[in-house]
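Please keep the sequence and the model in view while reading.

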There are 4 protein chains.
Amino acid sequence: MYIRSMLYFDCDYNNGCHPKVLEALVSTNGEYSGTYGGDHFCAAAKNAIREACEDPDADVFFLAGGTQTNSTVIDCLLRPWQGVVAVPTGHIAVHEAGAVEYSGHKVFTLPGASPCASEGKMDPSELESLLKSFKDDPTRNHMAEPALVYISLPTELGGLYSAAELQLVFETAHRYGAPLFVDGARLAYALAAEGNDISMPFLAAHCDAFYIGGTKCGALCGEAVVFPRAGAPDHFFTRIKQHGALLAKGRLAGVQFGALFEDGLYKKTGREADRLASLIPGLFRKYGLGREDHPSRTNQQFILVRSDILAELSSKVAFEVWQETPPGAPGFALCRFVTSWATVQDDISELEKVLMALC
Amino acid sequence: MYIRSMLYFDCDYNNGCHPKVLEALVSTNGEYSGTYGGDHFCAAAKNAIREACEDPDADVFFLAGGTQTNSTVIDCLLRPWQGVVAVPTGHIAVHEAGAVEYSGHKVFTLPGASPCASEGKMDPSELESLLKSFKDDPTRNHMAEPALVYISLPTELGGLYSAAELQLVFETAHRYGAPLFVDGARLAYALAAEGNDISMPFLAAHCDAFYIGGTKCGALCGEAVVFPRAGAPDHFFTRIKQHGALLAKGRLAGVQFGALFEDGLYKKTGREADRLASLIPGLFRKYGLGREDHPSRTNQQFILVRSDILAELSSKVAFEVWQETPPGAPGFALCRFVTSWATVQDDISELEKVLMALC
Amino acid sequence: MYIRSMLYFDCDYNNGCHPKVLEALVSTNGEYSGTYGGDHFCAAAKNAIREACEDPDADVFFLAGGTQTNSTVIDCLLRPWQGVVAVPTGHIAVHEAGAVEYSGHKVFTLPGASPCASEGKMDPSELESLLKSFKDDPTRNHMAEPALVYISLPTELGGLYSAAELQLVFETAHRYGAPLFVDGARLAYALAAEGNDISMPFLAAHCDAFYIGGTKCGALCGEAVVFPRAGAPDHFFTRIKQHGALLAKGRLAGVQFGALFEDGLYKKTGREADRLASLIPGLFRKYGLGREDHPSRTNQQFILVRSDILAELSSKVAFEVWQETPPGAPGFALCRFVTSWATVQDDISELEKVLMALC
Amino acid sequence: MYIRSMLYFDCDYNNGCHPKVLEALVSTNGEYSGTYGGDHFCAAAKNAIREACEDPDADVFFLAGGTQTNSTVIDCLLRPWQGVVAVPTGHIAVHEAGAVEYSGHKVFTLPGASPCASEGKMDPSELESLLKSFKDDPTRNHMAEPALVYISLPTELGGLYSAAELQLVFETAHRYGAPLFVDGARLAYALAAEGNDISMPFLAAHCDAFYIGGTKCGALCGEAVVFPRAGAPDHFFTRIKQHGALLAKGRLAGVQFGALFEDGLYKKTGREADRLASLIPGLFRKYGLGREDHPSRTNQQFILVRSDILAELSSKVAFEVWQETPPGAPGFALCRFVTSWATVQDDISELEKVLMALC
């Protein structure tokens, strides 16, 4: 039974954890265990992840949160003179308070001028152009080297790569010697999305590092970093510590990921959230209150909402205003509505009632 | 009911969380809330902490772990050309993988040559000597500036400052314009220790920043940073994020600290752990198997254990060998035995049985 | 008498120093002096610069080179969570090996989509748009803060701001609380350019920091950083040292800048170089071998050279191929020709002979 | 002819450059050359240095100054989680404004408790103890790794290692996998010292990196970094740039080192300076005004000067007061007197006259 003074579609981390995760925390609470991730809970969860990836040699580590994971992994995959390539809407390029630069590395942002940018996706030809231009530049030894590629799955805008698109980004990066790192803060919602053809083994086979988001996918906290094919950077344990990212009670993550990877729970929670999210744009259209900005098959829906109803809608529904006056849509605000494992069918029905009353 | 294939005295983070903390997590799990620490759980916990500190203006922030907290707070209390002063056994000087230096700052270590160093404490006259020598040095503008003082309460060696001693360190630091930061990773065990005369309000009044350890004092994770007298550094929220230390579900810490600060639970858990720990040295003496290295009134006991029984003891009891061949104690290994909220009287009785069988 | 096996137009640091600078080094070589910039040569040169700036309170420091100066000044004008705004062709954004990011700060690059970008200039409206969008962003405390504006005078592409344009950039930056830093690596060539209406006092009054380039303007090495209105950052001397940028024999810079600022030498050397450079595009046009890419009134000329003559031209003349296949100019390579104090009228005549023989 | 309002023994960088170095700068000033160290002057100087080292494969780079060289080389020889070991009086540990820490690395300081510390030398057994203790520490993956050894030749206190002592430090470091870096800011004065048995080839064979000081040994600026046996770190050119340490007119260093390595000038200038310095302690003894603190065979002499004459002596002679009240020498101040290529026999005679008048 959830307490709701209002409807919550503001994000996917405005809640506790999935009941099964909570159950696992409760049932294991009395056990003693090793520390710093060297415990039996972590060992079991790592094995479950390796199996899910069909990569028995994968190196797996648990960290506490997304920005921390991004900045630690990126710093460790780069040498000091190298930088990471992202799209302009990439989380590391915008919303991590300069954490990558704080660790000394440049974030190269691609132009984001091709159609796929509206979904937050990287255009492999823009990537190729940047990597090639560095390689061909006779002054390149005066320049930071673009040496790692960062994408999100799903993207910041809820977009999805197809398997073929992911493969193309991966192969483009590798053609220039750059590994690919996939930010999976919301991976559950990608894996479960309608029409998605990227499985976890496919993902593991087509990148050099990725993380399986916990915090936004049903855990209290925690992200599982996977380096396929035993690809962890040198001394990664020590560097996690140096980054302040080592959990003393590593089991906190181990227990939770153990639960998330039992009986396919991870994907299941994503699926229901995606399904419920997919109903939202229709409600706005139905009552003439807004329309989709771009299509999304994941748990984030971007809606151009009529500006005149914004104030009243906000008093009853929590959501995020992404852009108050988006270009090309006068009279509308760009808003984000997000579902999670905690969203239920009733939330959608309630939302409909609110919208109906507003039209 | 705890599962024990062996006895655990290896550390205070080898367990889940205190039952009351777990209860709070369970009972609040269904509620929606704000994010990044802007939620009602955090607000309540911060208020409880301000009250416990008797400082209504204190700035309070929740971070996930100790090293992260130390490196974030220290970096933000320093300007880029400044460094922090610690004792040679200080956690930041030894066991944080160079996290402070990674953020660009020097750790000045005092000689640690006076008697209080055996308990891991800072000698105010050594501190004064360093600060004065910098101030008097005509070449000081070619030097990193010692501009912050770091101590732990209790120390890494389980030692305690008296109120008078703390005040002296604080005043010495301030005489040279340096703020004082107190690492309270195990603060519960200090506050509750027999003979301790430092209350939380006294602590808040005699330092410029400190943290109330959660991870080692009954929480799953989390540390509460307190800047007394509204003393938070500029843009601290953004810098927490930049350090990768911002919890998306800030409530995870808020709920736990809310529970820890209800009805004095924090101090109570420390008290029982301290009491049980205090029984351990006597057991070793009683059976002629070892002796205290230095007296400790907190949950860490440092025992010189007869080397000949080490192997067998280790097969039944988890503890940490601190130094295999400590100077001045031939035939003994220096070992650390630690209790926590999870330790019960039975653990001590079981330990006695093991020791009895060994003598 | 210069030794020339070929003609040199490759850059403005392919030579020794201006004869008058050399003379000053020779004539002062036997004198003892203070160190680290605390000597009478530096004192005199600083005064000469303050006078030239008509700012008696200006703080002046001498550093050894351009990248060092940029990264030291930028790091010290920023707080750790802040970044610097530049145009996409800005030296700090491209050709400093990520030195700004290495010091922990983000380089924000503007789109560079307006016409002035072809000359390497910053569009104040693009600047305003970035600063405003940060200020208005409700998530800005999760973001690095654009808190300093960096431009070059002349720009990397030889372009010049008018006084009105500089003032507009300055006022735009200040409206959002951001100081303006002007990279004057080639300042002599801007001050002396035909039609330039920015004097040194005007520059000093319309920025918060700038540097007067020595290395590219007649010195062996050295840049003079000016913080108008006593605006040097806190502990700047120590931070120069921390950045490895403090000259032990500071006099090396002091003596040279003393000479450059005697009798207006600095501007004079710029004037002749600019005049000679201005003759180059005409030669290419005259012989049908190329045309200007964009107009430049400074010592750098960007010429679209017929690709078929490139190889032979290169065998006789040193210059830089900027882009082998510039967009929109099939059959041409974009090349840069640069003059300096060391270029003489004969060099231009010789260049004409070479071009004539090629057509 | 030197201008002297007073006698200068304050340091070895209070002057211009050696006349032969100046001559080389003058005679080459009119030549064009390549940039960033890729010029014929640098090529020739590098070859001369390789020959002097009897190491045809040595990588040689020229940087502008000492702190810059130390921090750049150390940063590049370390991986991010590693630190450098130094003696407590080491330049990087004290007088570089935390530049090494600024680049993210810990400086481990040895106790400096053995007799050789009075000369500023590293005790190989203290080094071994630190390296071994790290290697044996079961918690070492929570610690910064001591992974590079830094010594100075001569030391900060004018001390010299014998060939056997250097070899022992080198072998100790290598036994634990740590390379050795020798700071030769004043190398000329070591090579030329009476009784010194370390030749440049021996040095090159017994370390992994060293630099040949220019600034303090007769150049206007410049240090030559040598990585014996083609041992330069990856992408060192780019990292020099990233550190702001790349000279645009690399020839400035090339020309000067070319001159310093012609006809053994480098060592010759050291020899005369050492000889003149060696006369200073005797003068103080002769007139009962002071005594050596510790013996030095190089150009720095540390004298305990009678405090009562300090003021008057200072009015006629420039020198550095190292410690106003050195322990164990009441009534004396510890002072440093330094000679250089610019010191002449007359300076010593004048000093004697001043002392004579004071006694």
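## The interface between chains A and B

Across this interface, 46 residues of chain A are in contact with 47 residues of chain B, two residues being in contact if their C-beta atoms, placed from the backbone, lie within 7 Å. On the side of chain A that touches chain B, the elements giving two or more residues are α1 (19–28), α3 (66–77), α5 (99–102) and α10 (236–242) of chain A. Such elements are DSSP runs numbered from the N terminus, helices being H or I with at least four residues and strands E with at least two. The most is given by α3(A), with 5 residues.

By class, this side of chain A has 21 nonpolar, 20 polar and 5 charged residues. Here Ala, Val, Leu, Ile, Met, Phe, Trp, Tyr, Cys and Pro count as nonpolar, Asp, Glu, Lys and Arg as charged, and the others, Gly among them, as polar.

## Basis of the description

The model is predicted: local features need pLDDT of at least 70 and side-chain atom pairs count only at pLDDT 80 or more, while totals for chains, interfaces and linings use all residues. Residues are numbered from 1 along each chain as its sequence is written, and chains are lettered from A and ligands numbered from 1 in the order in which they are written.

## Relations between the copies

The same surface serves both copies, since 100% of the contact residues of chain A recur in chain B. Copies are superposed by least squares on the C-alpha atoms of residues with pLDDT of at least 70 in both.

Chain B is superposed on chain C by a rotation of 180° with 0.0 Å of shift along its axis, at an RMSD of 0.0 Å. Of the interface residues of chain B, 100% are also interface residues in chain C, so the copies meet through the same surface.

## Two domains in chain A

Chain A is divided into domain 1 (7–13 + 269–358) and domain 2 (19–262), with bounds that come from an automatic or database domain assignment. The C-alpha centres of these domains of chain A lie 28 Å apart.

In chain A, 16 residues of domain 1 are in contact with 20 residues of domain 2. On the domain 1 side, α12 (265–278) and β10 (300–306) of chain A are the elements that give two or more residues. The most comes from α12(A), with 5 residues. The residues of this side divide into 4 nonpolar, 8 polar and 4 charged.

## Helix α7 of chain A

Helix α7 (residues 163–175) of chain A has 13 residues and reaches 18 Å from its first C-alpha to its last, close to the 18 Å expected at 1.5 Å a residue; the expected span is 1.5 Å times one less than the number of residues. Leu166(A), Val169(A), Phe170(A), Thr172(A) and Ala173(A) are buried in α7(A). A residue is buried if 20 or more other C-beta atoms lie within 10 Å of its own, exposed if 12 or fewer, and partly exposed in between, with C-beta atoms placed from the backbone.

Seen down the axis of α7(A), the buried residues fall within an arc of 165°, so they line one face of the helix; the arc is that of the directions from the helix axis to the C-beta atoms. These buried residues pack against α6 (124–136), β5 (145–152) and β6 (180–184) of chain A.
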